[in-house]
Amino acid sequence: MRFYVCNPWLLYVWINILSFAFCYDQLVNAASTIVSSSSTYNYGSYTGSADKTIDGNLDQVYTNCMHTVGGRSEAWLQIDLGGLFNLKSVKIWYRQDINRGKDQNTKRLKGFSILASYEPVLKPYTSIVDKRYQCYKDPGNVTLDTELELNCTRLARYVTIYNDQKNDGNGVFLEICEVEIYGCPRRRYGENCTRCDTCNAECDVTGRCDTLGCKEGYHPPFCKAKKAGGVTKNT
Ligand SMILES: [Ca+2]
């Protein structure tokens, strides 16, 4: 069968349907996501409030970004998605000012980490750097891009961007303009968020079932193919 799309408008619609059909959900929603930061830098009419990171505005001039205050030993931005999701990745738009070199724009971001958790991990501060929650850690020795998408494959409700690496003489800062988080609702996986109904409990975002394994007749780790007299547990 041949399929022709001669009308440019139909072609546009078709391309958008295709792109829409094969992508992870964007889980940050300004109406329901709750965001907070370790501190807020204010100067004149400018406020570096955390809500600037989920307002849908991707502009990277600092006036449209959150900004923590100086003189601190650590800085964080915490995003509460309102429920558990199967996370795939986190995208960050960082401060990018004209006339600043690339290395200067992200200078303060070096050494940061991303944490994903069921519960908030802000206090006590010793818990926030707990490796159990860490899904990404920047080595801190290279110049970072001002747009970063980083894998974070966890079942989590809270995503925290954290830094305690002092990159200049004024302390530790975060200057983040927007964050998007991609993934699926829990018990769904893959680019079109397919249900993992053959798992006994949860699956990760790749479809791999957790330690509770597969339903009768399906075999691990993905519980996909039916198997006569099947194995029911992951090993
Ligand atoms: Ca923004």
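1. In this predicted model, contacts between residues 24 or more positions apart make up 65% of the contacts in the protein with a separation of 6 or more. The protein has 3 helices and 12 strands. Of its 235 residues, 34% count as buried.

2. Strand S10, residues 176-185, is mostly covered, with 8 of its 10 residues buried. Strand S5, residues 75-94, pairs with S10 in the antiparallel sense over 9 bridges. Within this pairing, Phe85 has Pro185 of S10 as its bridge partner.

3. S10 also pairs with strand S1, residues 25-26, again in the antiparallel sense, and here over 2 bridges. Gln26 has Tyr182 of S10 as its bridge partner.

4. Strand S6, residues 113-117, is likewise mostly covered: 5 of its 5 residues are buried. Ser113, Leu115 and Ser117 point one way from the strand, while Ile114 and Ala116 point the other way. The residues on both of these sides are buried.

5. Which strands does S6 join in the antiparallel sense? One is strand S7, residues 134-137, which is joined to S6 by 3 bridges. Another is strand S9, residues 155-163, which is joined to S6 by 5 bridges.

6. Lys131 sits in the loop between helix H3 (125-128) and S7. Is Lys131 buried or exposed? Lys131 counts as exposed because 8 other C-beta atoms lie within 10 Å, and a residue with 12 or fewer is placed in that class. The C-alpha atom of Lys131 is separated by 8.5 Å from that of Leu115, the two residues being 16 residues apart along the chain. Leu115 itself belongs to S6 and is buried.

7. Cys193, although not a glycine, has a positive phi of about 50 degrees. Cys193 is found in the loop between strand S11 (188-189) and S12. Cys193 counts as partly exposed because it has 17 C-beta neighbours inside 10 Å, a value between the limits of 12 or fewer for exposed and 20 or more for buried.

8. Cys223 also has a positive phi, of about 55 degrees, without being a glycine. This residue lies in the segment after S12. Why is Cys223 counted as buried? There are 26 other C-beta atoms within 10 Å of Cys223, and the class of buried residues begins at 20 or more.

9. The segment after strand S12 (194-195) also contains Pro221. A cis peptide bond joins Pro220 and Pro221, with omega at about 5 degrees.

10. S6 is joined to S7 by 3 bridges and to S9 by 5 bridges. The backbone features to view are the positive phi of Cys193, the positive phi of Cys223 and the cis peptide bond between Pro220 and Pro221.

Technical notes:
Residues numbered from 1 in each chain as written. Predicted model: local features only at pLDDT ≥ 70, side-chain atom pairs only at ≥ 80, totals over all residues. Helix = DSSP H or I, 4+ residues; strand = E, 2+ residues; numbered from the N terminus. Pairing = 2+ DSSP bridges. Contact = placed C-beta atoms within 7 Å.
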